[in-house]
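Hi,

Here is the structure we talked about, ready for you to open beside this message.

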Amino acid sequence: MPHKWIIKSLELIGINNKVISFTKKVMDYWRTHMRLHTENKLIETGDIKIQCGIFQGDSLSPQLFCICLIPLTEQLNRLNTGYEEHTTKTKILHLLYMDDLKLIAKSEEELQKWIQTVKTFSDDIHMEFGLEKCAKFVLKRGKLVHLQNLVIDINREIQELEQGKTYKYLGIEKSEGIQHQQMKERLKQEYSRRLRMILKSELNARNKITAIGALAVPMLRYSFGIINWRTEEIKKIDRKTIKMLTMYKMHHPKANIDRLYVKRKEEG
């Protein structure tokens, strides 16, 4: 996240001047250094000044990013239009989570207006559209219809979603609706890949089980409540997991399977 992004966004929100001054001062002290361990010695660089912004994974990154996008969601909400939710009567014209933004409009003209609002805000804080990740699609009575690409300016446009293609929002593939079968296959493949990668590693048994719970299982858990998993499908994945544990000598073929579901402190 570039420095100019952060300061411009804080100013747009109207954050207290002391907070802006503190942020500016702290950014001047951002440093890192690199180490290379060789057989004979340790090679270490001097301080490297960070000039391009906060790196992904930094604890400040998501917090400052969310702060930077507060004015955008406020500007969109001020438009006071969009689809009305039946029970709460709340009007919804966009969904925003971190850097995933979905705009919902009743017409091409409305959508063009929302896009221009986002573009103006993006230009103000020097943020660029990730056009290669953007897509536009139109539904009429629940069916996908094809119109022209959405033009942002002279040299940039958002492509129309092609027939049979999908877009991703928060990691879930969608078109007219959620592509449940496609997502199931993709999640199962990624789960198996991660599970095999862990089992092939040189970790001890305890750490392998911990890694499976931290790295592989969340791939499936994230989709629960969103993807329509059947009980039999989950049981099939469970049986495949036990088979792979046996193949990689993490579980004896004659061992009690129930122990796999018991905590270690309870003899699992």
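Which residue does K188 form a salt bridge with? The partner is E185, and the closest N and O atoms are 3.3 Å apart. A salt bridge here is a side-chain nitrogen of Lys or Arg within 4 Å of a carboxyl oxygen of Asp or Glu.

Before going on, some housekeeping. This is a predicted model, where local features need pLDDT of at least 70 and side-chain atom pairs count only at pLDDT 80 or more, while totals for chains, interfaces and linings use all residues. Residues are numbered from 1 along each chain as its sequence is written, and side-chain values use heavy atoms, with hydrogens and water left out.

**Salt bridges**

The count comes to eight salt bridges. K188 and E185 both sit in helix α5, three residues apart, about one turn of the helix; helices are DSSP runs of H or I with at least four residues, numbered from the N terminus. An α-helix has 3.6 residues a turn, so residues three or four places apart point the same way.

Another bridge joins K184 to E233 (3.1 Å, N to O). K184 belongs to helix α5 (residues 180-200) and E233 to helix α7, so this pair ties together parts that are 49 residues apart in sequence. K184 is buried, at 5% relative accessible area, and E233 is buried too, at 14%. Buried means under 20%, exposed over 50% and partly exposed in between, using a 1.4 Å probe and protein chains only.

E233 also meets R230 (3.5 Å, N to O), and R230 counts as exposed at 53% relative accessibility. Through shared partners, K184, R230 and E233 form one network.

**Helix α3**

Helix α3 (residues 60-78) has 19 residues and reaches 28 Å from its first C-alpha to its last, close to the expected 27 Å. That expected span is 1.5 Å times one less than the number of residues. At L69, shortly before the proline P71, there is a kink of about 35 degrees, taken as the angle between axes fitted to the seven residues ending there and the seven starting there. Both L69 and P71 are among the buried residues of α3, which also include F65 and L72. Just after the helix, N80 takes a positive phi of about 50 degrees.

Happy to go through any of this with you.

Best wishes

Key:
Helix = DSSP H or I, 4+ residues; strand = E, 2+ residues; numbered from the N terminus.
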